[in-house]
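Good morning, everyone, and thank you for making time for this. Please have the sequence and the structure open while I talk, and follow along as I go from one part to the next.

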Amino acid sequence: MTRGAPIRLAAAPLSVLAAGGLLLVGCARGPLNSPSEGVGCSVTVQIPASSSGLLGTVEARVGGTTRRLDLGTTTIPLSCGQQATLTAEPTNPTTNPFVSWTVAGQTSVASSVTVTADGLITASPQFFVPPKPTPTPTPKVRPSPTPTPTSVTLDQWLSYDPAARSATLKLVAGYKGVNRGLSYDGYSNGQLAVSVPVGWTVVVDFSNAATINHSAVVVTPTGTSPVFPGASSPDPTVGLNPGGSLTFSFVASAVGSYRIACLVPGHEGLGMWASFTVTAGGVPTIHL
Ligand SMILES: [Cu+2]
């Protein structure tokens, strides 16, 4: 058969279809039964493209010939009045079961429908596509707030923790041999002046860098005993051995002007004392 073959060959379409061609003799006019030419009858099967690919087998049987259809749009010319049976079988009935055929605007839930070509018919199968799971929103990571510094370091000798209301004072007796070792942190005669707010805890890291024993005690200018419980290195009149170190702590529980003095006999009088003030408020300070 050729395109010039007689028009009304009712039997011709099937044989041509079987040969895989689409050049069918129309039922109306012209050599082609193509919708693009606006002539004749056909069924156009549209299988929507899916990201999942073809979800099932779609076939069109015309007469005794079955043709498998692929994704997209396939127009099968028919003789007007000719029937075509459209079948859709899901590849995976569990996840993508067949839903319906839509033929000429009407819906059929049967997986196989027979249409009679009375014009340009469109048909489309639908397979169930499970909805995509809602993506779990990625929890927004909140930028952690800049941590409040838990400790403020004023210098190498004094730091404090406002939240804990605690100050740490490093006292090195005889540091660098200042005042023949009768000094704290390199200062004597009250040149080292530390203050803390009342109620704060003071931790004293005391070490002895001198060649003789020394101690450290919070006293009044003329006192010989600690003004706050615990505000003394042990056995202060004997003192800590050279090279030794220890820690003691106390609560600065009363506002006032005090000293940190060495109570090894004679040392305070030779200048081995620092100024220690308990203030009514504020934050710890150190002056050198
Ligand atoms: Cu001393």
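Let me begin with strand β1, residues 41-47, which is mostly covered, since six of its seven residues are buried. Please keep in mind throughout that we are looking at a predicted model. Strand β1 pairs with strand β4, residues 72-78, in the antiparallel sense and over seven bridges, and if you look for Ile47 you will find it standing opposite Gly72 in β4. β1 is also joined by four bridges to strand β9, residues 120-127, and here the two strands run parallel, with Val45 standing opposite Ala123 in β9. As a general point, the side chains in a regular strand alternate between the two faces of the sheet.

Let us move on to another sheet. Five strands form an open sheet in the order β10-β11-β12-β14-β16, and their pairing is mixed. Which strands stand at the edges? They are β10, residues 152-153, and β16, residues 245-251, and because each has a single partner strand, one side of each is left without a neighbour in the sheet. For β10, the pairing with strand β11, residues 158-161, is antiparallel and runs over two bridges, and Thr153 stands opposite Ser159 in β11.

Now to the metal. Which residues coordinate the copper ion? They are His214 through ND1, Cys262 through SG and His267 through ND1, at 1.9 to 2.0 Å, and along the chain these donors follow the spacing H-x47-C-x4-H. His214 lies in the loop between β14 (201-208) and β15 (217-219), whereas His267 lies in the loop between β17 (256-261) and β18 (273-279), so the pair ties together parts that are 53 residues apart in sequence. Are these two histidines, His214 and His267, buried or exposed? Both of them are buried.

Ala104, in the loop between β6 (98-103) and β7 (106-108), has a phi near 50 degrees, which is a positive value in a residue other than glycine. Ala104 counts as exposed because its relative accessibility is 55%, and the cut-off for that word is over 50%. Lys176, which is placed in the loop between β12 (166-173) and β13 (193-197), likewise has a positive phi, near 55 degrees, and is a residue other than glycine. With a relative accessible area of 70%, Lys176 is exposed.

Notes
Residues are numbered from 1 along each chain as its sequence is written. This is a predicted model: local features need pLDDT of at least 70, side-chain atom pairs count only at pLDDT 80 or more; totals for chains, interfaces and linings use all residues. Side-chain values use heavy atoms; hydrogens and water are left out. Donors are N, O and S atoms within 2.8 Å of the metal (3.2 Å for Na, K and Ca); water is not among the atoms, so sites may look incomplete. Buried means under 20% relative accessible area, exposed over 50%, partly exposed in between (1.4 Å probe, protein chains only). Two strands pair if DSSP finds at least two bridges between them.
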